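Have a look at the fold, then skim the notes by topic.

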Amino acid sequence: MTKSDHEEASNMQANRSSSSALRWLGWLLLLGVLVIAFAAALSLAAYFNEIPPDLLVSVDGERIDLHGLTAGHAWLIFGAVVLACVVVVVVVPLALLFGIGVPLLLAGLGVVAALLCATVAVAVIGSPVILLGLLLWWALRPKKSALPPAPPAPGAPPPIPVIGQHTDNSTPFA
């Protein structure tokens, strides 16, 4: 396995673990919304079963009899609570992100772009001075001294005489 294969495999595993973490978080969020909605529906159902008989609800001059509510109304309330939870969990953070986060990001990018333009302008305007300073530094900097000579290499070890071998090499068959 080459180095690039190993990097690719680790990147794939990192992407897989982050996507599985996001999927797990999404399911957990959905479960939380459903639990909250179910608890709200149960509490509303319990409340409607304990309604006092003299309670009067009037909407636009029309009287609503709360004792006549059926199971279908309870499911309608459950759906309304689920919708309200989804709005609170999804829509409100997105509204804050796009209403506050994106303008702040754009403002930050504008500041960075302005600083970059100012730096380029200063470099262009000051380029003759920068060039003179660079030439002056190059002319006046201390010269590097020559490197000291390298130490001599260690000598070869002395030859080891072999029995029957002449060491002076003066006569070949002596």
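**Where α2 meets α3**

In this predicted model, the axes of α2 and helix α3 (residues 127-140) cross at roughly 65 degrees and come within 4 Å. On the α2 side the contact is made by Ala123, Val124 and Ile125, and on the α3 side by Ser127, Pro128 and Ile130. Sort those contact residues by type and you get five nonpolar, one polar and no charged.

**More on α3**

- α3 has 14 residues, and at 1.5 Å a residue they should span 20 Å; the end C-alpha atoms are 20 Å apart, so the two agree.

**The nonpolar core**

- The largest nonpolar core has eight residues: Val33, Ala37, Ala40, Ala41, Phe78, Val81, Val82 and Cys85.
- Skipping neighbours within four places in sequence, Val33 is in contact with Val82, Cys85, Val86 and Val89.
- As background, nonpolar side chains tend to be buried together in soluble globular proteins.

**The whole chain**

- The protein has three helices and two strands, and from the N terminus the elements go α-β-β-α-α.
- Of the 174 residues in the protein, 6% are buried.
- Accessible surface comes to about 15200 Å², with 74% of that belonging to carbon and sulfur atoms.
- Take the contacts between residues at least 6 apart in sequence: 56% of them join residues at least 24 apart.

Note on methods. Residues numbered from 1 in each chain as written. Predicted model: local features only at pLDDT ≥ 70, side-chain atom pairs only at ≥ 80, totals over all residues. Heavy atoms only, no water. Core = buried A, V, L, I, M, F, W, Y, C linked by side-chain atoms within 4.5 Å. Buried < 20%, exposed > 50% of the residue type's maximum accessible area, 1.4 Å probe, protein only. Contact = heavy atoms within 4.5 Å. Axes fitted to C-alpha atoms, helices over the stretch in contact; angles between N-to-C directions. Nonpolar A, V, L, I, M, F, W, Y, C, P; charged D, E, K, R; others polar. Expected span 1.5 Å × (residues − 1). Areas by Shrake-Rupley, 256 points an atom, 1.4 Å probe, with all protein chains shown as cover.
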